[in-house]
Amino acid sequence: MALSVERIKKYRRWFGWAFLGSFLTLLLLSFLSVPWPDAQFVLTRGSFIISVTTLIGFLVATVLTWRKERRESVLASVEFAKNKLE
């Protein structure tokens, strides 16, 4: 199934916002003093895992967008050259 560039950009935007939110939560939990250190540890670890996962998703979506746009640009230039010769 081929994804459009707009859909990939939508995913990239979602991953970017999710990363930002989870990273800010991670920072807040790291510097916050709570009466339950075990809960803080679990929440911090979960937030870290979510941050890493969404960062990887953001990077993959960005690379896919760049490759797809480059491929479409090359195809457009080939079509232009082909039409010019005709």
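Guide: What follows is a walk along helix H2, with a turn to helix H1 where the two are linked. Please keep in mind that this is a predicted model. Helix H2 covers residues 37-85, and Thr 62 has its place there. With a relative accessible area of 9%, Thr 62 is buried, and a polar atom of its side chain lies 2.8 Å from the backbone oxygen of Phe 58.

Further along, Lys 68 is also found in helix H2, and this residue is buried although it has no salt bridge. The nearest side chain of opposite charge belongs to Glu 72 and is 4.6 Å away, whereas a salt bridge requires the nitrogen and the carboxyl oxygen to be within 4 Å. Leaving aside residues up to four places away in sequence, Lys 68 touches Leu 3, Ser 4, Val 5 and Ile 8.

The structure holds 1 salt bridge, and Glu 69 forms it with Lys 9, the closest N and O atoms being 3.2 Å apart. Because Glu 69 lies in helix H2 and Lys 9 in helix H1, the pair ties together parts that are 60 residues apart in sequence. Both partners count as partly exposed, Glu 69 at 32% relative accessibility and Lys 9 at 25%.

Helix H1 spans residues 5-31 and includes Phe 31, which counts as exposed at 72% relative accessibility. Together with Trp 17, Leu 20, Phe 23, Leu 24 and Leu 27, Phe 31 forms a nonpolar patch on the surface, with about 670 Å² of accessible area together.

Terms used
Residues numbered from 1 in each chain as written. Predicted model: local features only at pLDDT ≥ 70, side-chain atom pairs only at ≥ 80, totals over all residues. Heavy atoms only, no water. Patch = residues over 30% accessible without salt bridge, like charges linked within 9 Å, V, L, I, M, F, W, Y side chains within 5 Å. Areas by Shrake-Rupley, 256 points an atom, 1.4 Å probe, with all protein chains shown as cover. Helix = DSSP H or I, 4+ residues; strand = E, 2+ residues; numbered from the N terminus. Buried < 20%, exposed > 50% of the residue type's maximum accessible area, 1.4 Å probe, protein only. Polar contact = N/O pair within 3.5 Å; in protein donor to acceptor, adjacent residues only side chain to side chain. Lys, Arg positive; Asp, Glu negative; His and termini not counted. Contact = heavy atoms within 4.5 Å.
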